[in-house]
Number of protein chains: 2
Amino acid sequence: MSYATQDIIDALKSARETKGLSQRALSKRTGVPQSHISKIESGGADIRLSSLIELARALDLDLKLVPRKAVPAVDNVVRSTAPTIPATPAFKELTRTLETVKKLRVTYPELTELKKLQDNFQTLKNLRNVGKDLEHLREIGKPIRELQKFAETYRGIADAGRRTAEQIKAIQDAAKIPVEQLEALRQAAHNAQTLRNQLVHIIPEQPSLPRPAYRLDEEENDHG
Amino acid sequence: MSYATQDIIDALKSARETKGLSQRALSKRTGVPQSHISKIESGGADIRLSSLIELARALDLDLKLVPRKAVPAVDNVVRSTAPTIPATPAFKELTRTLETVKKLRVTYPELTELKKLQDNFQTLKNLRNVGKDLEHLREIGKPIRELQKFAETYRGIADAGRRTAEQIKAIQDAAKIPVEQLEALRQAAHNAQTLRNQLVHIIPEQPSLPRPAYRLDEEENDHG
DNA sequence: AATCGTGATATGCTAAACTAGATCAAGGAC
DNA sequence: GTCCTTGATCTAGTTTAGCATATCACGATT
C-alpha cells in the first residue's frame with residue numbers, strides 16, 4: 001500500500017474521530033457496515049471511488065485531484081481554514097508529548113505501551129479537547145519524558161562510530177529499560193486511555209443521515 | 001454515479017488530454033490496460049483508491065481529502081497555480097463557442113453534432129493550443145451562433161406564460177431546426193474534429209514510466 | 001489501396017470489495 | 001454482577017474491478 005493511500009485513510013479516520021463519531025455511528029450515517037469501516041481504516045480494503053466519496057461526504061470532506069505542484073499551496077490553504085487549534089498550555093503539552101512518543105516508537109517499535117499512548121494522544125488531539133488539567137497531562141507525560149532521556153543517554157553510545165549488528169544488539173541489551181520505568185509507562189498508558197474515554201463520551205452523537213445512492217447507474221453502463 | 005465521481009473522472013481525462021497523452025500512452029505509463037482506461041473515463045468502472053492514485057500520479061496529480069468549507073479556497077489556489085490560459089483571440093473565441101455549445105445542448109440534448117462539437121472543443125481547450133487561425137474558428141462557430149439565435153427566438157415564445165406539455169411540444173415541433181442549419185452544423189462538427197486531429201498529432205509522446213507496485217501488501221493484511 | 005492511431009467494446013478469469021450479520025475481547029458505567 | 005459501547009474479526013454470498021487479449025469502427029496519412 002502506498003503512502004498516498006495511507007494518507008487518505010488517515011484523513012478519513014482522523015475526520016471521524018475529530019467529529020467524535022464511532023465507527024458504528026458513521027456506519028449508521030452511511031449504511032456502510034461497521035466491520036467494513038474497521039477494515040478500511042486498518043488498511044485492509046482498497047476501496048472504490050464511490051465508497052470513498054460517500055464516506056468523505058459523511059465526514060464533510062470533498063475529494064480533489066490537485067496538480068502536484070499545487071499541493072503545498074493547497075495544504076497551506078486547508079491548514080489555514082482549519083478550526084483554530086487550541087492554544088491552551090494543556091493542548092501544547094499534549095502535542096509535545098505526542099511528538100515525543102512518536103520519536104520513541106522509532107527506537108522501541110515493539111513497546112506496545114507506546115503504541116497505546118500514541119493512539120490515545122492522537123485521538124485527544126483530533127478531538128481538540130484535552131480538558132483543562134495541565135498538571136494531569138504533565139504527570140501522564142512524565143514517564144515518557146524520562147524514557148526519552150534514557151534513550152538519549154544510550155543513543156549517544158550506540159551512535160558513536162560504526163558498530164556491527166552484534167555490538168549494537170549488545171548495547172541495546174545493556175540499555176534495557178528499567179522495570180520501574182516500564183511500570184510507570186504502563187500506568188501512563190492506562191491514564192491516557194482513561195482520559196481519552198472520559199473526553200470521548202462527552203461528545204453527543206449526531207443524527208444519522210439517509211444513505212444516498214452512489215452505485216453506478218444502470219443507464220450509465222449502457223454505452224452500446 | 002454521483003457528480004463528485006464524475007468530477008474526478010473528468011479531471012483525470014482532462015489531465016490526460018492536457019498532457020497530450022492517448023489512452024494507450026497512459027496505459028504504457030501505468031500498466032493499466034487501455035480498455036480499462038476507456039471504461040474508467042466513460043464512467044463504466046468504479047475504480048479502486050489504489051488505481052485512482054496510480055493514474056493520478058502518472059498525470060502529475062495528487063489525491064486530497066479537503067474539508068468542504070475549504071473547497072472554494074482550494075479551487076482558487078489550484079486555479080491560480082495552473083498554467084496561464086492563453087489570452088489569444090483564437091483561444092477566447094474557442095472558449096466562448098464552447099460555452100455556447102454547452103448551453104445549446106441543454107435545449108437540444110439529442111443533437112449528436114453538439115456533443116461532437118463539445119468534445120472536440122473541450123479537447124482543444126485542454127490542449128491549450130488552438131492554432132492561430134481566428135478566422136477559421138469563427139467560421140466553424142458560425143452555425144453554432146446561428147443556432148443559438150434560432151433557439152433564443154423560440155425560447156421567448158415557449159417561456160411566455162405557462163403552457164401545457166402539449167403546447168410546449170407543438171411549439172418545439174414548429175421550432176424544428178431548418179435543414180440548412182443542421183447541415184451547416186454537421187459540417188462544423190466535422191471541421192472541429194479535423195482541427196482537433198491536426199493539433200493533437202503535434203504533441204510528441206512522452207516516455208513511459210515503470211509501473212510502481214501499489215497493491216495491498218500481503219503483510220498489511222496480516223492484522224491478526 | 002495499405003497502414004497506423006485512437007477510443008470503444010468484447011471475452012473470460014481471478015481476486016477482492018461490499019454486504020449482512022454475528023461474535024469476540026476489552027473496557028466502562030451502574 | 002449486568003449491560004452497553006467500541007473496534008476487530010469471522011462467515012458466506014453477490015457483484016464487479018482489473019487483467020490479458022483481441023477486435024471493431026473510424027479517421028488520417030501515404
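A polar contact, as I use it here, is a pair of N or O atoms within 3.5 Å; within protein, one must be able to donate a hydrogen and the other to accept it, and residues adjacent in sequence count only if both atoms are side-chain atoms. With that rule I get 13 residue pairs in polar contact across the interface of chain A and chain B, both residues at pLDDT 80 or more.

Ground rules for these notes. This is a predicted model, so I take local features only at pLDDT of at least 70 and side-chain atom pairs only at pLDDT 80 or more, while totals for chains, interfaces and linings use all residues. Residues are numbered from 1 along each chain as its sequence is written, chains are lettered from A in the order in which they are written, and side-chain values use heavy atoms, with hydrogens and water left out.

Symmetry. I superposed the copies by least squares on C-alpha atoms of residues with pLDDT of at least 70 in both. Chain A goes onto chain B with an RMSD of 0.2 Å, by a turn of 178° and a shift of 0.1 Å along the axis. That is how a two-fold axis relates copies. In chain A, the residue closest to the rotation axis is A:Arg48, its C-alpha at 2.0 Å.

Interface. I count 46 residues of chain A in contact (heavy atoms within 4.5 Å) with 45 of chain B. The two chains bury about 4400 Å² between them, 65% of it on carbon and sulfur atoms; this is accessible area (1.4 Å probe) lost on putting the parts together, summed over both.

Strands. I looked up S1(A) against S1(B), residues 61-67 in chain B: they pair in the antiparallel sense over seven bridges. Strands here are DSSP E runs of at least two residues, and pairing takes at least two DSSP bridges. A:Leu63 has B:Leu65 as its bridge partner in S1(B).

Salt bridges. My cut-off is a side-chain nitrogen of Lys or Arg within 4 Å of a carboxyl oxygen of Asp or Glu. Six of them link chain A and chain B. One is B:Arg68 with A:Asp62, closest N and O atoms 3.5 Å apart. Another joins A:Arg68 to B:Asp62, also 3.5 Å from N to O. A:Arg68 sits in the loop between S1 and H5 of chain A and B:Asp62 in strand S1 of chain B, so this pair joins two chains.

Conventions:
Helix = DSSP H or I, 4+ residues; strand = E, 2+ residues; numbered from the N terminus.
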